[in-house]
Amino acid sequence: MANPRGFLEVRRAPAPERAPRERVRDSHEIFGTLPEPELRDQASRCMDCGVPFCNNGCPLGNLIPDWNDLVRRGMWREAIDQLHATNNFPEFTGLVCPAPCESACVLDIADDPVMIKQIEYAIVDRAFEEGWIVPRPPENRTGLAVAVVGSGPAGMAAAAELNQVGHTVTVYERDEAPGGLMRFGVPDAKLEKWMIDRRIALLEAEGIEFACGVDVGADVGAEEIAERHDAMVVAVGSRVERPLEIPGADLDGVHYAMDYLYQRNRAVAREEGREAPTAKRVITAGGKRVVVIGGGDTGMDCLSSANREGAESVLMLDVYGNVPEGGRYANTPWPMAPRRTETTYALDEGGERRFGTQVTELEGDGGSLVRVHGRHVAGSSSRDLRPVPGSEFVERAELCLVAIGFQHPAHEGLLSDLRLALDARGNVSAKSFATSREGVYAAGDARIGQSLIVNAIADGRRAARVIDRRLREGAAAPAGAAA
Ligand SMILES: Cc1cc2nc3c(=O)[nH]c(=O)nc-3n(C[C@H](O)[C@H](O)[C@H](O)COP(=O)(O)OP(=O)(O)OC[C@H]3O[C@@H](n4cnc5c(N)ncnc54)[C@H](O)[C@@H]3O)c2cc1C
Ligand code: SF4
């Protein structure tokens, strides 16, 4: 069992990180891994608590104390088996998960939490290096076919699990390549795309077919796909942006974050020869004064991408108030994860974040953005914001990126064609994964709203269990049959 004195003897080490000034000149990975002896020391800080809050804090229920102890003892092969038992894609979460497990670590009450996320990444990195991760196609096939629409982490996880139990899975993806927001939202600096390709190649070798460039509900009828399969999983994400309802929102130079990030990710793919050149007009930040509205993950990715393009300046306006000293908001006490952190990878590279600010107007000249008008606001949540009198300010800007969140999945097309019932927030109503339509299930952001990769993987896995049970019970009529 764990070393009972480890946390008293070993301090948490910072994760190796390339210098911000150097990495901002390229689109390569930011973080590295510690050498093995140091990783084993770090794992020894895990106390193997009687109630492992970390395990509860991880949406996948990762068996954190178990694999920490295996790493401490140098049993890497066993560690990857433990990790894969609950997480299909630890290389993604090990890099880009905000690690709610670490916020829930008991050590975080009075010390620095155990380095869980980096250890997770180190386990899977080592396993790939050693050649331990190989395709494992199922031994038997059930003869039942499942269509997964959407190849983000939810669709990938559902497909992986359903294929493992012997169903024949086809993943339909509208974009030119699989991965969802991991490929076209998250920048390469956080997650290099060859990692997605490596995992997709494994899934293909296990028997999953990926049909990319197919918009279900447009290029091919949703009914037709439903009819052709024994079950269908709707894992289309939640991409309808929250609208920016202020004067000037339609000026040239004002863009939604996803339009910019899709183009940036495609541009990086082209630079690296992964995609053919295009003559399409692109949104660029190079040489411009950029204002990012919104201080969440999406805003941070806009900030870091704009810095990589050589923006003259990047100002992030965030309605949330300052991060309290010690990093814990009163409304997210331990073991909850904080809403904002004192700094981020993107802010370390440059740019300014201004808390407690609200944009009131975008001013144009000849139809193009020239200035951003804002004011300071006070309040404890986005619902009770009060303007601070006399706090108005004006900033010059040529590009404004709007990253204020997403509402729900697109309703037209697939969802409306299948007449799927929606919940109060406009997501697909599928409390237990089954939608209002017999044989059609939902998973990931399309069901729970815009969230995290770890939640999407967890949701895809849970959906797969429900679908498999229904298919085996013979309860599912062809997916096209009305409920
Ligand atoms: C910019 C940005 C950065 C983020 N960074 C992080 C991060 O660092 N860490 C983290 O944990 N989370 C992050 N997230 C959140 C995370 O990416 C999502 O929660 C997660 O990807 C959701 O997975 P999903 O599979 O449900 O949907 P998505 O990843 O959105 O995938 C849905 C897929 O369905 C496809 N699709 C949609 N409609 C159709 C159709 N009709 N036919 C065929 N295909 C269709 C889409 O093209 C897409 O590929 C970020 C989100 C954004 C926007
Ligand atoms: S998936 Fe995220 S929450 Fe779970 S152990 Fe890994 S870093 Fe922690």
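Helices here are DSSP runs of H or I with at least four residues, numbered from the N terminus. The structure in all views is a predicted model.

**View 1. The shell around ligand 2.** Helix 8 (100–104) and helix 9 each supply at least two residues of this shell. Helix 9 gives the most, with 3 residues. The residues around ligand 2 are Cys58, Asn62, Ile64, Thr93, Cys97, Ala99, Pro100, Cys101, Ile116, Lys117, Glu120 and Val454. By class, 8 of them are nonpolar, 2 are polar and 2 are charged.

**View 2. Packing of helix 5 against helix 9.** Helix 5 spans residues 64–72 and helix 9 spans residues 116–130. Their axes lie 11 Å apart and meet at an angle of about 60 degrees. The crossing of the two helices is left-handed. Helix 5 makes the contact through Ile64, Trp67, Asn68 and Val71, and helix 9 through Ile116, Ile119, Glu120 and Ile123. Sorted by class, the contact has 6 nonpolar residues, 1 polar residue and 1 charged residue. Ile64, Ile116 and Glu120 take part in this contact and are also listed among the residues around ligand 2.

**View 3. Polar contacts of ligand 1.** For Asp175, a polar side-chain atom lies 3.3 Å from an oxygen atom of ligand 1. For Arg239, the distance from a polar side-chain atom to a ligand 1 oxygen atom is 3.1 Å. Ile453 approaches through its backbone, with an N or O atom 2.9 Å from an oxygen atom of ligand 1. Taken alone, ligand 1 exposes 1,000 Å², and the protein buries 98% of that.

**View 4. The shell around ligand 1.** The elements that give two or more residues to this shell are helix 10 (153–164), strand 2 (168–173), helix 14 (257–271), helix 15 (297–308) and helix 19 (453–473). Of these, helix 15 gives the most, with 3 residues. There are 37 residues around ligand 1, and those that come nearest are Val96, Glu173, Lys190, Val216 and Asp445. The class composition of the shell is 18 nonpolar, 10 polar and 9 charged residues.

Methods. Residues are numbered from 1 along each chain as its sequence is written. Chains are lettered from A and ligands numbered from 1 in the order in which they are written. This is a predicted model: local features need pLDDT of at least 70, side-chain atom pairs count only at pLDDT 80 or more; totals for chains, interfaces and linings use all residues. Side-chain values use heavy atoms; hydrogens and water are left out. Axes are lines fitted to C-alpha atoms, for helices over the stretch in contact, and angles run from 0 to 180 degrees between N-to-C directions. A crossing is left-handed if the near helix is turned anticlockwise from the far one by less than a right angle, and right-handed if clockwise. Contact means heavy atoms within 4.5 Å. Ala, Val, Leu, Ile, Met, Phe, Trp, Tyr, Cys and Pro count as nonpolar, Asp, Glu, Lys and Arg as charged, and the others, Gly among them, as polar. A residue is near a molecule or strand if one of its heavy atoms lies within 4 Å of it. A polar contact is a pair of N or O atoms within 3.5 Å; within protein, one must be able to donate a hydrogen and the other to accept it, and residues adjacent in sequence count only if both atoms are side-chain atoms. Accessible areas come from the Shrake-Rupley method with a 1.4 Å probe; for residues, only the protein chains shown count as cover.
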